[in-house]
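Welcome! Let's take a short tour of a few spots in this model, one neighbourhood at a time.

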Amino acid sequence: MAPPIARCPRPPPRLPQRAGQPSRGGAGRWAPREVAAAAGRTLRRGRAAERGSGRRGGARRTMAAATAAAAPGRGRRGAPMYSQKELTSKKRDEFEDILEERRLSSDLRYAMKCYTPVIYKGLSPCKPNAIKSAVLHSEQVQYVIKQLAKEMGESPDIIQEEAMEILDEMGHNMQLGAVRFFAFTLSKIFKQLFQRVCVNEEGMQRLQHAIQEHPVVLLPSHRSYVDFLMLSYLLYTYDLALPVIAAGIDFLGMKIVGELLRRAGAFFMRRSFGGNRLYWAVFAEYVKMMLRNGYAPVEFFLEGTRSRTAKTLTPKFGLLSIVMEPFFKREVFDTYLVPISISYERILEESLYAYELLGVPKPKESTSGLLKARRILSDNFGTIHIYIGQPVSLRTLASGRINRCPYNLVPRHLPQKPSEDIQEFVSDVAYKMELLQIENMVLNPWVLVAAVLLQNLPAMDFELLIEKTLWLKGLTQTFGGFIEWPDNLCAKKAVMSGLTLHSNIARLVNGHVVLNDKGVEDGTVGEIVFKHALAILMCATYRNQLLNVFVRPSLVAVALQMTRSFRREEVYNYFSFLRDVFSDEFIFFPGISLKDFEEGCFLLTKCDAIQTNQQEIYPTNKGSVIVSFLSTMFRPFVEGYQLIFRYLSKEAKEAFTEKQFIPGVRNFVFQLLEKGNTQCYEALSSDMQKNALAALVQLGAVKKKKMSNGFTYNVNQEAVNKILDMFDARIPVQKPVAARL
């Protein structure tokens, strides 16, 4: 919500342009006048008066055209996320460093600037207490209060007091003073931590336009606690309305900091609502109230929590379903969903994540812990890239697919369980938004270095590493990866720069690059294994960023190696099997296995790795290197799942909980590593272990049962052994092909 401040009347701001450059608002000579006018709306930034910036691109599509292009097809399931045309011709906006200006001017002046954001349809800002009152007295909340009072035999006043307590715990209290404090403090911190913070200005222009037209939902990727701070900092820099942000209730335990976050726009939600109908009703109405009235953009993370592995987590649907409901009930004409990709050259929590994945408990959020973490201010964390994606119209996505008429038959305040069609639609949109995030994730040279290095342990010649990194750069670009190579740096300097920035992970010793696991030779065998696993998991965090681009062609490559023939149908069966098994490990749009397979084959054909016809797929002589590299890159996942399945088929009890499963499989893998029977250190990752268990539940090999104290799991030994045999390629995958290949 925009802070309650006086408006400074002024004409719509524009960025000045550099001499000799076309206007940033230019839409091309063939664009109609209204398109040019829409494209010409530009942003006033704090530094606009001091430093202009010209447009680097040509014509841009209108918002409607962009959202139509992003919408799924009119069938029951959407079209695949990437068409073959997009893979070869997609152009992305260029970036601009917003810290450059901050290094040249006063942070105090920046924090105290005249901040007058334009909000939805020019509405006046609403005070936080007024929002709480409106939520409490809304028909939806009052209906639930009366129902609960009747069921429990309590006075409605008592239930209403409880609802008010929930609102007091939950609600934001945005104040301009706190916003300015964060603007000043974060400016100091970000300049210390990061070399650059780069944003696509054209994306900011699209976002400004969207905020004025319809309610907006910001959907950023989630790799670090820095994400939500950085996004608010960015919007303040560009004079856009600050978002209200869904934050975990854990932050309220941080003295002073929790209240400051509340005053900067955070509203707090419990990790689990359980069966608390009152909490759900109050929370849902609070979010919808802000969205319906356009008081502020609403921001939350589809992944639900930070990814500890830098791979995108499977989406959570609850909040997305809530923000869609006003559109389904015709309370708003449209809602814009804005996917935002935040890419880190070096992640602040990288070592903390590795420890967590190896079973070390996560430190509790606290103010004292935050103060202790200030030592990281002396470190260099490189560059952040923030890519604001095309706003996607919910109305366009739903067109021809969702029938909203049933909502007209029931009063709006009555709770309704979403139909199967609505649930499927919400799921599809969630996956679509995450795939759009992945599409615009920026890959830096270190990501390529990490991928090559992990295939050549324990040491790799430095010159060969440079050569392989350049080769991988070309392959990544062929596959549509978004690589930002440092300006004017040759390959040797780019690789060396990455090694310097990540000296805690790898180092150069006598012309060879090795993992920086100093002291690994000291201690017991178990300690040696733990230290080596720590280094590998930290390095794998960066390689994993590449897997988002490589997953489809890589699964085709793995399928080619697993199958005993080159028959297209058999290769597809193995691909589809692997896709199902790894459905929690990577993001796949639901229901388009065949299209994913065709995309993987297309990319491998494009780089001359395979040749295909109607009946067969086979590697070329040149392609054996590519197929081998892709298969080896995914080997930790194949071998890790094999080890976890082997544990379940031999060691696991008939019934167990997740808290019993994780330590059990970790000890099983630890013993194999200590004996030298495996080199798959990534199988120690709790993330992989949980994903493998979830895959077996989806495949029906493990049954998940809800109990009063959580979930229990029962293993079907025969089914697990059969899946394991398929993984080991001892038996062929028998799966009917869904469509003609």
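## A covered strand

Strand β3 (residues 216–220) is mostly covered, with five of its five residues buried (buried means under 20% relative accessible area, exposed over 50%, partly exposed in between, with a 1.4 Å probe and protein chains only). Strands are DSSP runs of E with at least two residues, helices are runs of H or I with at least four, and both are numbered from the N terminus. In a regular strand, side chains alternate between the two faces of the sheet. From β3, Val216, Leu218 and Pro220 point one way, while Val217 and Leu219 point the other way.

This is a predicted model, in which local features need pLDDT of at least 70 and side-chain atom pairs count only at pLDDT 80 or more, while totals for chains, interfaces and linings use all residues. Residues are numbered from 1 along each chain as its sequence is written, and side-chain values use heavy atoms, leaving out hydrogens and water.

## Its partners

Two strands pair if DSSP finds at least two bridges between them. β3 pairs in the parallel sense with β7 (residues 336–344) over five bridges, and Leu218 stands opposite Val338 there. With β6 (residues 298–299), β3 also pairs in the parallel sense, over two bridges; Val217 has Val298 as its bridge partner.

## A three-stranded sheet

Elsewhere, an open sheet has the order β17-β19-β18, with antiparallel pairing. β17 (655–656) and β18 (702–707) stand at the edges with a single partner strand each, so one side of each lacks a neighbour in the sheet. Phe656 has Tyr713 in β19 as its bridge partner.
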